Structures are given as C-alpha cells and as structure tokens.
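Dear colleague,

I am passing on the structure below, and I would be glad if you could look through it alongside the notes that follow.

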Amino acid sequence: MKRRFVVAVTGASGVTYAVRLVDVLLAAGCDVHLTISSAARSIFKQELDLTVDLDKFNPSMLLLGTPASLADPKLQYVRQLAGISSESSNVLSVATGEPGQVRYHHYRDYQAPIASGSFRTHGMVICPCSCGTLSAIVHGSGTNLIHRAAEVHLKERRTLIVVPRETPLSIVQLRNFTRAAEAGAVVLPAMPGFYHGVTSIQDLIDFIVGRICDHLGVEHGLVRRWGS
C-alpha cells in the first residue's frame, strides 16, 4: 500500500508548518488526507493572506499546485514569504517515484474514511495543534472529524503527532500534554533549533517539519543533522 498520512490543521499560529509538511510529504510520494478546522481557515488568512474555502477546497489554495502554476511569480513570492521552497529536490534524501496526492475531507464529514479504524494509514499529524483541539482529544469530548481521526489513531495504536504552538503554557495545558503522551501521542512543539546553520525562516520551518518526518519514518534532506 502506498504510504498515506492524515494531516489536520487547527486554529493555532504557525499554519505555514502545515503547508510545508504537506509539500514535503507529497514530494516524498506519500498521499495526504487533509482536513482543516474552521478556526484554521481564519489563521491562513491572517498569517499567509490565503483564502481557503472549506466547502470547495482545492490544493492550490494552500500554495500546492502544478509545476505550471508554481511558475507564477506572485505565487512564488507568497511561497517564499511562507518559508516554502519552490524546489522539491532539496527536501528528499532518497529518490522517489510519482509525487503523492491530496485528498481533502471537510472537518464536519464523519463519513470520511479517516473516521474509521478500518481505514489504514501510516500516521496522523495535527499541525499546528490548538490547545482546545488537544483538550478535546485527551478528554474524549471530540466534536469534529479532526478529533475523531485522532481518537482512531490512538485506539489503533498508530502514530499520532501533535504540534502545539503556544507560549507560555498553563498548568492545564501542561497536564493535557502529559495525558496525550500517556495515551501514546508524540508531543512535538513547534520549537525550532538554531544549531543547523539557520539563515532564513524556511530553515526554522524545515527543522520542525524534518522532526515530524523523522517520527513518521519519511526520509528527507531538510536539515543538516547534528554531527554530520
């Protein structure tokens, strides 16, 4: 089976991490089942000036397009501001075949395949993960497809990575992170390192995306590793 991952984007700052993550997974030949919360739609507009229609979604809304569309100077400029390279060759450490595909699911669609444990995936990433989303997951009080898909990955003992971007953290949030880790999730905060020769925003974004890929088992060449 072709490798496929669920990527959920929720209403926390740092949606550019999500765009870059999907960009890299597709370049690595992985299929991505994408779902976006209502709050995340507002963050896309605020941080990247991207208009995302959740009812009539198209990958181009997230700057993920065909080679022809990526040649557009305006789109290249916006991708650069978002810290996303227009070149995919530098993200992989091993050659792949055909690029992966995006399959989108509305966050209210409980009929989506990712709502069932019988639909096999190789892992799920919530990036960024709002603290409200994390709370709903660890307390079993889910109200949308994102919560349900996360619950599925926990109960099926599959990889679930949550990427919070919040500071400072309250004791309630810290306890919820502990609950998530105890339930089997990987808590991977968006805290980029600076030891890999940082010269741009993209270097910081790629550090986090690279760490996510490490935990998903996806080979990449995004960052210079310590000791290399």
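In which loop is the place of D49? D49 sits in the loop between α2 (38–48) and α3 (67–70), where helices (H or I, at least four residues) and strands (E, at least two) are DSSP runs numbered from the N terminus.

Please bear in mind that this is a predicted model, in which local features need pLDDT of at least 70, side-chain atom pairs count only at pLDDT 80 or more, and totals for chains, interfaces and linings use all residues. Residues are numbered from 1 along each chain as its sequence is written, and side-chain values use heavy atoms, with hydrogens and water left out.

Although D49 is not a glycine, its phi is positive, at about 55°, and the residue is exposed, with a relative accessible area of 55% (exposed means over 50%, buried under 20%, partly exposed in between, with a 1.4 Å probe and protein chains only). R157, in the loop between α6 and β5, is likewise not a glycine and has a positive phi of about 60°; R157 is exposed, with a relative accessible area of 71%.

Two peptide bonds are cis: one joins C127 and P128, with omega about -10°, and P128 belongs to strand β4; another joins T167 and P168, with omega about -10°, and P168 is in the loop between β5 and α7 (171–183). Most residues other than glycine have a negative phi, and most peptide bonds are trans.

As for the sheet, its 6 strands form an open arrangement in the order β3-β2-β1-β4-β5-β6, with parallel pairing (two strands pair if DSSP finds at least two bridges between them). β3 (102–104) and β6 (186–187) stand at the edges with a single partner strand each, so one side of each has no neighbour in the sheet.

Best wishes
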